[in-house]
Amino acid sequence: MSSVSPIQIPSRLPLLLTHEGVLLPGSTMRTSVDSARNLQLVRSRLLKGTSLQSTILGVIPNTPDPASDAQDLPPLHRIGTAALVVQVVGSNWPKPHYTLLITGLCRFQIVQVLKEKPYPIAEVEQLDRLEEFPNTCKMREELGELSEQFYKYAVQLVEMLDMSVPAVAKLRRLLDSLPREALPDILTSIIRTSNKEKLQILDAVSLEERFKMTIPLLVRQIEGLKLLQKTRKPKQDDDKRVIAIRPIRRITHIPGTLEDEDEDEDNDDIVMLEKKIRTSSMPEQAHKVCVKEIKRLKKMPQSMPEYALTRNYLELMVELPWNKSTTDRLDIRAARILLDNDHYAMEKLKKRVLEYLAVRQLKNNLKGPILCFVGPPGVGKTSVGRSVAKTLGREFHRIALGGVCDQSDIRGHRRTYVGSMPGRIINGLKTVGVNNPVFLLDEVDKLGKSLQGDPAAALLEVLDPEQNHNFTDHYLNVAFDLSQVLFIATANTTATIPAALLDRMEIIQVPGYTQEEKIEIAHRHLIPKQLEQHGLTPQQIQIPQVTTLDIITRYTREAGVRSLDRKLGAICRAVAVKVAEGQPKEAKLERSDVAEREVCREHILEDEKPESISDTADLALPPEMPILIDFHALKDILGPPMYEMEVSQRLSQPGVAIGLAWTPLGGEIMFVEASRMDGEGQLTLTGQLGDVMKESAHLAISWLRSNAKKYQLTNAFGSFDLLDNTDIHLHFPAGAVTKDGPSAGVTIVTCLASLFSGRLVRSDVAMTGEITLRGLVLPVGGIKDKVLAAHRAGLKQVIIPRRNEKDLEGVPGNVRQDLSFVTASCLDEVLNAAFDGGFTVKPRPGLLNSKLRRKYQKGLIWRGRTNMLSPTRRVLDWQADGCLIFCETEVLNTGHKMFDCHFNTWK
């Protein structure tokens, strides 16, 4: 190396002022540039320079750069390092700054500062020259001992590390290839030293002094490493602890500092994590993955981003309940009592839970069922799931799926992504800590779909009993057994659930409550809960069942009990105000009574004193307890009734009928209104109708037109063609609510029959059913909810398709007693039941003869052919043989006209 030409640096160098670290010759470091002068140096010298000389800077340590150009330069450190800029990286956010990667070349000494703005430039003198390296035998002998001693310690330090690490092996080769005179600067920059110690090495211009100052630093590093190895337990060679260069440098720091304590804690955590992996009961495949990852973690510097990701992954694997489970409580009698206490009605759900318990008694390894509770909001689907977990003695976890549109929420993210995490299923298992909880997948019918995938498709694997024993989360990348998890999904409707997902679940319908059931629920559960939440007692408030019925019928209209619960809460708040106003006044009256008597004893006569006290007491006494809530109190607290029984009012004219509709919120009554006016035979439909309901309206008008003569239905002009010069308008209130479905067919036919016949539909009858062009009535769904809606509205008779008669078994007995049901298989039966006195065919014989006689009586004998005024007017023609010919036209189903002629002889 002595034959190599010396390094020559320019005599004038731009100065980069830094206080973050010390750059030694032969080492590399990154430094941040964000001050005014340093930014000007980078922009003017580095970014605009084109020669190699423009990349050489003078790095001055231990000297902060002023924040603005207006400030003077601080005192500069005397010795600096000439550096070569290898890389420049810049950004403008949150403020302009650059990061430089620089490599030290040699030392220099500042002779004179030539320029301070826009960045400092100084005349420098190079200190490290290769000619100063000892060439003579005398100098080699003088430094030989120090050099050999330094080399021995350096080799000892490197060999204490793991040579399988590439960086350690490269360092060992550098010890033999580099000149020993350059080793002090390089090793000082690698081992753990403070900036003050590095500054002392930089200031040591003499090579001998440099060797003498570096040897103690190596000895201290070696002693710290030996102490660390003694404190650790001996391990096998193949599981040898790998210590990287950076952690070693931390260990050599002054004992007792915060950095040492953090490093020890990290090391202890990794040891504990490794111990948990060895003692965990995870499957063999997962155990192999964890062992492989822990080995990678040991070799990984903590500064790497993957270090935290790998550690979080291993902690999750250890915390998952691979084989930890709870013991089910299989006492069926106790389970029945618990379910009855928590929920009123809902017999089908309770029966299914008890069946599961009974089978579990007979077979221990039964797979968890996949249940789906479908019903309107507020009927207790979510609370039933919590009660099921309580009955079985299992942990409960709820996963809200409403609005989820990313399949990674179910399956998790792959660990290659930044911020990756497991899916909600694995997170839920980690939260509950057992592998057989009750998972409630709430609002499964409201899953979304986006560019990130379809979460409903991701649920197919979770909710399939034949596949979920081997569920693979993208984050875990190993199989997890979900077969012991009891999945309960909730939905308001099955229409928006994909067919493949619906096929994997056992559907249990949860209908709305009847009025009687709501009253029982209110007095068993809702009122006691509201009293407890508002600090009231039954001795302070009483809500009779009659009042509860008024709240249900006049202030709420729902299938569940959520609005009822809110109304009861409003009543309790109003009573709480009365109670709170009364108690302080009563206490104040008692305290002030003595003082008042003392004052009145001198100024008021004895006979006047009781009268004044009684008047004050009358004003201050609280209301009598308990406060009884009646209809007048309801009106004061909740305001005027929100819902009235408007059925009889709406059916006061022809052209109105009541239908029954099903919605996700439960059954509803639906009014159908029709009107006719002069026009061109158009049919107008309003009320936000879907395609199916529009087709039902066209079917209804076609059937009526084809049977108009049978039922003697005519338009305003007396024609059996109902659309002849007549427009029909059908409206379905409320207009802002979207409606669709085939079940309004019979209602539309009845409404139009009432319009053209001029007869009123019975005000206590509601109907539902699909129609065909031949007049048949087909079955529809949601019969129970529709019947309950008719019962809530106070109707007395319900017309349903005959093939839906079997669905009446699910209707509560008290509702069936209050209502009368008419099962119809054709529209003739529907019309006969919808109108008082029936809607039978009433022919009027001798129509033309009677008209002819009236004309004969009036002496209207026409000679010759008259003009045809309209397609349906009679044509009278006089023939030579004394015959009168009467012709009348009729519109057939095919749209063709048929002429009906009657011959009468006049004599």
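This is a predicted model: local features need pLDDT of at least 70, side-chain atom pairs count only at pLDDT 80 or more; totals for chains, interfaces and linings use all residues.
Visitor: Why is H397 called buried?
Guide: Buried means under 20% relative accessible area. H397 has a relative accessible area of 19%, so H397 counts as buried.

Visitor: Where does H397 lie, and what does H397 touch?
Guide: H397 lies in strand β8. Leaving out residues up to four places away in sequence, H397 touches G428, T431, V432, V438, F439 and L440.

Visitor: Which sheet contains β8, and how are the strands paired?
Guide: β8 belongs to an open sheet of five strands, in the order β8-β9-β12-β7-β13, and the pairing is parallel.

Visitor: What makes β8 and β13 edge strands?
Guide: β8 (396–400) and β13 (506–509) each have a single partner strand, so one side of each is left without a neighbour in the sheet. From one strand to the next, the twist averages 20°.

Visitor: How do you know that β7 and β12 are paired?
Guide: Two strands pair if DSSP finds at least two bridges between them. Strand β7 (residues 370–374) and strand β12 (residues 486–491) are joined by five bridges and run parallel, so by that cut-off they are a pair. As an example, I370 has F487 in β12 as its bridge partner.

Visitor: Which helix lies across β7 and β13?
Guide: Helix α12 (residues 347–362) lies across both strands, running at about 145° to β13.

Visitor: What makes α11 roughly antiparallel to α12?
Guide: Angles over 145 degrees count as roughly antiparallel. The axes of helix α11 (residues 332–342) and α12 cross at roughly 160° and come within 10 Å. That makes α11 roughly antiparallel to α12. The crossing is right-handed.

Visitor: Which residues make the contact of α11 with α12?
Guide: From α11 they are I332, A335, R336, L339 and D340, and from α12 they are K350, V353, L354, L357, A358 and Q361. By class, the contact has seven nonpolar, one polar and three charged residues.

Visitor: Why are α24 and α25 called oblique to each other?
Guide: Angles under 35 degrees count as roughly parallel, and 65 to 115 as roughly perpendicular. The axes of helix α24 (residues 691–706) and helix α25 (residues 745–757) cross at roughly 45° and come within 9 Å. The two helices are therefore oblique to each other. Their crossing is right-handed.

Visitor: Which residues of α24 and α25 meet?
Guide: M693, S696, A697, A700, I701, W703 and L704 in α24 meet G745, I748, V749, L752, A753 and F756 in α25. The contact of α24 with α25 has eleven nonpolar, two polar and no charged residues. Gly counts as polar in this scheme.

Visitor: How do you know that D185 is buried?
Guide: The cut-off for buried is under 20% relative accessible area. The value for D185 is 4%, so D185 is buried. D185 is placed in helix α4 (residues 183–190).

Visitor: What is in contact with D185, and how far apart are D185 and L24?
Guide: Leaving aside neighbours within four places in sequence, D185 is in contact with L24, P25, R107, I201 and R210. D185 and L24 are 161 residues apart in sequence but 5.8 Å apart in space, C-alpha to C-alpha.

Visitor: Which residues of α5 are buried, and what do they pack against?
Guide: In helix α5 (residues 195–203), the buried residues are E197, K198, L199, I201 and L202. They pack against β4 (79–91), β5 (97–115), α4 and α6 (207–231).

Terms used: Residues are numbered from 1 along each chain as its sequence is written. Side-chain values use heavy atoms; hydrogens and water are left out. Helices (H or I, at least four residues) and strands (E, at least two) are DSSP runs, numbered from the N terminus. Axes are lines fitted to C-alpha atoms, for helices over the stretch in contact, and angles run from 0 to 180 degrees between N-to-C directions. Contact means heavy atoms within 4.5 Å. A crossing is left-handed if the near helix is turned anticlockwise from the far one by less than a right angle, and right-handed if clockwise. Buried means under 20% relative accessible area, exposed over 50%, partly exposed in between (1.4 Å probe, protein chains only).
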